[in-house]
Amino acid sequence: AVALAHGRNADELFCRVKAGQSPMDAVTSATSVTAQALGLGDRIGTLAPDFDADIIAVGGDPSKDIMSLRRVQFVMHGGVVFSR
């Protein structure tokens, strides 16, 4: 659960990486770790069968370049594609 305005969620991840967290740890902390902390880890936070998921695809590899999260190529929310 990030603390920034809607549409600015990736900025928190940039800040975490700048402060020394690895890119993958930053992504994991914003997804599965947060879901677990909120008591929702059995429904969200993981791409797996029977989980609810909002999905983005980005141009690049966020595990190596966190700034690739700025290059969103695809958005799916609730099974509906909103952007391609």
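# Briefing: salt bridges, helices and sheet

Asp-52 has a relative accessible area of 46% and is partly exposed. Here, buried means under 20% relative accessible area, exposed means over 50%, and partly exposed lies in between (1.4 Å probe, protein chains only). This is a predicted model, in which local features need pLDDT of at least 70 and side-chain atom pairs count only at pLDDT 80 or more, while totals for chains, interfaces and linings use all residues. Residues are numbered from 1 along each chain as its sequence is written, and side-chain values use heavy atoms, with hydrogens and water left out. Helices (H or I, at least four residues) and strands (E, at least two) are DSSP runs, numbered from the N terminus.

**Salt bridges**

- Side chains of opposite charge can pair when their charged atoms come close.
- Five salt bridges turn up in a search of the whole structure; the term means a side-chain nitrogen of Lys or Arg within 4 Å of a carboxyl oxygen of Asp or Glu.
- One of them joins the side chains of Asp-52 and Arg-43, at 3.8 Å from N to O. Arg-43 is partly exposed, at 44% relative accessibility.
- Another joins the side chains of Asp-11 and Arg-70, with an N to O distance of 3.2 Å. Asp-11 belongs to helix H1 (residues 9–18) and Arg-70 to the loop between strand E1 (55–58) and strand E2 (72–77), so this pair ties together parts that lie 59 residues apart in sequence.
- In that pair, Asp-11 counts as buried at 12% relative accessibility, whereas Arg-70 is exposed, with a relative accessible area of 54%.
- A further salt bridge links the side chains of Arg-16 and Glu-12 (2.7 Å, N to O). Arg-16 and Glu-12 are four residues apart in helix H1, which means that about one helical turn separates them.
- Glu-12 is buried, with a relative accessible area of 16%, and Arg-16 is partly exposed at 28% relative accessibility.

**Helix H2 and Ser-29**

- Helix H2 covers residues 23–30, and its buried residues are Pro-23, Ala-26, Val-27 and Ser-29. Seen down the axis of H2, these buried residues fall within an arc of 165°, so they line one face of the helix. The arc is that of the directions from the helix axis to the C-beta atoms.
- The buried residues of H2 pack against H1 and against helix H3 (32–37); contact means heavy atoms within 4.5 Å.
- Ser-29 has a relative accessible area of 11%. Leaving out residues up to four places away in sequence, Ser-29 touches Arg-16, Gln-21 and Thr-34.
- The side chains of Ser-29 and Arg-16 are joined by a polar contact of 2.7 Å. A polar contact is a pair of N or O atoms within 3.5 Å; within protein, one must be able to donate a hydrogen and the other to accept it, and residues adjacent in sequence count only if both atoms are side-chain atoms.

- Ser-32 sits in helix H3 and is partly exposed, with a relative accessible area of 23%.
- Ser-32 and Gly-45 are 13 residues apart in sequence, yet 4.0 Å apart in space, C-alpha to C-alpha.
- Asp-50 lies in the loop between H3 and E1 and is exposed, with a relative accessible area of 78%. Its phi is near 70°, a positive value in a residue other than glycine.

**The sheet**

- Three strands make up an open sheet in the order E1-E2-E3, with antiparallel pairing. E1 and E3 are the edge strands, each pairing on one side only. Two strands pair if DSSP finds at least two bridges between them.
- E1 and E2 run antiparallel and are joined by four bridges. Ile-56 has Val-75 in E2 as its bridge partner.
- E2 and strand E3 (residues 80–83) pair in the antiparallel sense over three bridges. Met-76 has Val-81 in E3 as its bridge partner.
- E2 and E3 form a hairpin with two residues between them, and Gly-78 in the turn has a positive phi of about 60°.
- In a regular strand the side chains alternate between the two faces of the sheet.
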